[in-house]
Amino acid sequence: MTMPTELPTNQWFVIASVDELGDGPLARTVCGENIVLFRDAEGTLAALVDRCPHRNYPLSLGQVVDGQLQCGYHGLTFSSSGTCVWAPNQSRIPSSASVASYPLCQTGPWIWVWIGDPTHPGVAAPPVLPWLSEPGWAVLHGMEPIAARYGLLVDNLLDLSHETFLHAGYIGTREVAATPIETEVDDATGTVRVSRRMAAVECPKFYSETTGMTSPIDRWQDIEYRPICQYVLHSRIAPAGVAPALDGSDPDAAHLKILYAITPSTAGTTLDFWALCRNFSVDDEGVDEAMADMQRTVVLQDVEALAHVERVLGQSDVVTEVSLKIDSGALAARRVIGRQLEAEPSTAK
Ligand code: FES
Ligand SMILES: [Fe+2]
């Protein structure tokens, strides 16, 4: 199964974090669509096509005036729905002067955009990621742009054996790559699950410095991936031999939900949104700082590696690759994305 390069768009993609949006407009490209985000007078988020219908100036270079977006070229002004509400020296504004808007939703710090068919039933079903907003979880988040096609980040996140080599000294230990994975696909929901359960293994620095646990630990990595954008790594760390109780409680373990939102930007670039949700030391700023520092380092290691792979791929028209057992999750993800594409041929790019 080759890596898909087309994009199924009838789904939600993270476009920005709420803290990225100040008083002015914010430009983002998602799946090749240039979009401008801003807040209206009530503080409600709005997303419009980032192109003025008058003479095609990017609206994101304008400004927000009284909750409306004013073009920076000749001043045409648009409401949050994209209707042109003001034009210089003109009382009757042609309806063709409006711009298209996109549905948005928010979960915790993440703003999601829908760029596909606005009548699709999925618009009414925003992503469910409770750890981003439920009490009892501390949330850290950030975003790094990657100079690589989105499929390379899918490959990367579905095969964590690379932690042993690319992230040695942070989250990688010898046992990650040495432990086999189990992969399954839930066809009803299009979810890929990849599980790696390690028993009595080394505690990597990422967890020893943030949980205080020492080797040996039991370390579970259970990936739940809903292509394209929604990736959750359920990470459980516990003293070796300590299992969850029969009632599901797990007081001696540390749980970390490692979320990634994989947002294709252009054909060769990707927005790598990440969030770490932990249920331990939730009010400890020292843990915040140590965890955010190490996460940034790990993410930048991936960013650099994937840019190298993209550069190598760009040197040839034909992509060749060899798949191994460790790639079963990534290959399953490609199949799910392939089925999404078949379901919406009219919007495939
Ligand atoms: S290009 Fe926007 S107002 Fe003229
Ligand atoms: Fe990585």
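Into which domains is the chain divided? The chain is divided into domain 1 (12-122) and domain 2 (136-343), with bounds taken from an automatic or database domain assignment. This is a predicted model, in which local features need pLDDT of at least 70, side-chain atom pairs count only at pLDDT 80 or more, and totals for chains, interfaces and linings use all residues. Residues are numbered from 1 along each chain as its sequence is written, while chains are lettered from A and ligands numbered from 1 in the order in which they are written.

The centres of domain 1 and domain 2, taken over C-alpha atoms, are separated by 33 Å. Twelve residues of domain 1 are in contact with ten residues of domain 2; contact requires C-beta atoms, placed from the backbone, within 7 Å. On the side of domain 1 that touches domain 2, strand E1 gives the most, with five residues.

The largest nonpolar core has 75 residues, of which Ile15 and Val113 touch the most other members. Such a core is a set of buried Ala, Val, Leu, Ile, Met, Phe, Trp, Tyr and Cys residues joined through C-beta atoms within 7 Å. A residue is buried if 20 or more other C-beta atoms lie within 10 Å of its own. This core draws at least three residues from each of domain 1 and domain 2.

The table presents two helices, which are DSSP runs (H or I, at least four residues) numbered from the N terminus.

| Helix | Residues | Residues that meet the other helix |
|---|---|---|
| H1 | 150-158 | Val154, Asp155 and Leu158 |
| H6 | 328-343 | Gly329, Ala330 and Ala333 |

Nine of the nine residues of H1 are buried.

Conventions. A residue is buried if 20 or more other C-beta atoms lie within 10 Å of its own, exposed if 12 or fewer, and partly exposed in between; C-beta atoms are placed from the backbone. Axes are lines fitted to C-alpha atoms, for helices over the stretch in contact, and angles run from 0 to 180 degrees between N-to-C directions. Two residues are in contact if their C-beta atoms, placed from the backbone, lie within 7 Å.
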